[in-house]
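User: Could you walk me through this structure, one feature at a time? I would like to know how to read each feature before we look at the case here.

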Amino acid sequence: MSEVTDLMNKAPNDLESFWMPFTPNRIFKRDPLLLSASKGACYYTPDGREVVDAAAGLWCVNAGHGRTEIADAVNTILRQSDFIPTFQFCHPLAFAAAAKVLSFTPEEYSQVFFANSGSEAIDTVLKIALAYHYACGEPQRNRFISRSRGYHGINMGGTSLAGIMKNRMQFQSVLPNISHIRDTHDLARNAFSRGQPAHGAEFADDLERQIAIYGAHTIAGVIVEPVAGSTGVLIPPQGYLERLREICDHHGLLLIFDEVITGWGRLGTPFANQYFDVKPDLFTLAKGLTNGTIPMGAVVAREGIYEACLDWAERTGEMIEFYHGGTYAAHPVASAALCATLDIYRNERLFDRVRDDLAPLLEEKLHSLADAPHVIDIRNLGFIGAVELAPREGAPGKRGIEASRLCFERGAMVRFTGDTLAFSPPFIAEEEHLDRIVTAVRGALEALA
Ligand SMILES: Cc1ncc(COP(=O)(O)O)c(C=O)c1O
């Protein structure tokens, strides 16, 4: 057994050295939840217990765990070349990877810019939007509008966009010129909706208020998650995204979708923009782009954005059209993982499976929990679902974490965000896996005080 396998398979002696991200470290380290292997729709603990993965890892392992096609592609390329820069030189696989992404998008999209995570894709998309306006002679368009309860990763741009108060409160030096429109959560009118809620298209009109305050000529773009994931799965009301697009068109603002979780099939189409038939000017991707195997992010741009930057450079004699990029952008190994992943999605028609089989099944199974204790809402769209729990008095979020831990004891890895349990299993899950998840959740809720 290699040393890494040995280290992976036993409980660590030292839990203190690793400062865990977005985790209650004190609670975790008192009673760690360790996973050491994964296959198909399940994880395995170091002592061999099987746990159904209700989250596709972190919304990323869409094609299921242990895909040997991806491992083989990564292995092959790593042995052929460990690293090739994509500044000034490049490798053929980077171009193949970009073309493969575009083979899934609507035809109005024509360029892919690679980054190394969803967070990097977000900061990249902000810079592309600014560079575009600069190229078009409108550098004063430097304000972004995002949404309350929005999550856009952890870099400075994404932190500034964040509409989650706790994700901002420790950091004072976030970017200026960002304001927020209201979120779309409306339990009073929409609780227990199946699919898109009926009420709330008018929440998009909040954008008009921001435009009235700051002036459209100062605004670079509006960025939203088509379905907000990290803030508890907020599904856009019918007509809401269409209305945002109309307002952006009316005022000449770029509309940006953060498709880091909705990208790659979650709604039964490659991207949410196809599901809703609302086309943003730019959208971000990560996670499912490589099935979670190798860090990678991307920004997809509609035709005209890249060209505007090229024209600007041509006119002004600039050598480089966009002063931005990371050492590992389109790394050969990530590009290989991307190509193998997208081939699996296409060859196995996994997005059709989501649309035809998994989405209706998840809806039926999750809504069967409506009579379980503490449940105040159940919502779903595509292969995404949420069960919202009544918060404990004076301790919001506590019931969520307790429920998640009890689910784990009962054989399901269910993520919580606040008091909402979120569901986004891999697309190879079978009905049996969904049953095990729902049974674990019911048991956990019945056990909770
Ligand atoms: C909508 C959204 N945007 C951005 C990110 C950040 O991606 P990453 O964690 O890969 O940096 C996430 C991560 O969960 C996300 O859900």
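**Reading the model**

Analyst: Happy to! Let us begin with the ligand: by class, its shell holds five nonpolar, seven polar and two charged residues. Ala, Val, Leu, Ile, Met, Phe, Trp, Tyr, Cys and Pro count as nonpolar, Asp, Glu, Lys and Arg as charged, and the others, Gly among them, as polar. Keep in mind that this is a predicted model: local features need pLDDT of at least 70, side-chain atom pairs count only at pLDDT 80 or more, and totals for chains, interfaces and linings use all residues. Residues are numbered from 1 along each chain as its sequence is written.

User: Which of the 14 residues around the ligand come nearest?

Analyst: A residue is near a molecule if its C-beta atom, placed from the backbone, lies within 6 Å of it. Here Ser117, Gly118, Ser119, Gly153 and Val260 come nearest. Among the elements, helix α6 (residues 118–135) gives the most to this shell, with three residues. Helices (H or I, at least four residues) and strands (E, at least two) are DSSP runs, numbered from the N terminus.

User: How is the protein divided into domains?

Analyst: Domain bounds come from an automatic or database domain assignment. Domain 1 covers 3–63 + 349–447, and domain 2 covers 70–347. Their contact takes 32 residues from domain 1 and 29 residues from domain 2, where two residues are in contact if their C-beta atoms, placed from the backbone, lie within 7 Å. On the domain 1 side, α15 gives the most, with seven residues. That side has 17 nonpolar, 10 polar and five charged residues by class. Taken over C-alpha atoms, the domain centres are separated by 26 Å.

User: Which residues touch the most other members of the largest nonpolar core?

Analyst: A nonpolar core is a set of buried Ala, Val, Leu, Ile, Met, Phe, Trp, Tyr and Cys residues joined through C-beta atoms within 7 Å. Buried means that 20 or more other C-beta atoms lie within 10 Å of a residue's own, exposed means 12 or fewer, and partly exposed is in between, with C-beta atoms placed from the backbone. In the largest core, of 129 residues, the answer is Leu282, Ala298 and Val441. Helix α6 supplies the largest share of this core, nine residues. Both domain 1 and domain 2 give residues to the core, so it lies between them. For a local view, take Ala298: leaving aside neighbours within four places in sequence, its contacts include Val101, Phe113, Ala121 and Leu289.

User: Why is strand β7 described as largely enclosed by the rest of the structure?

Analyst: Six of the six residues of β7 (residues 219–224) are buried, so the strand is largely enclosed. As for its partners, two strands pair if DSSP finds at least two bridges between them. Strand β5 (residues 143–147) runs parallel to β7, joined by three bridges, and Phe144 stands opposite Gly221. Strand β8 (residues 254–258) also pairs with β7 in the parallel sense, over four bridges, with Val222 opposite Leu255.
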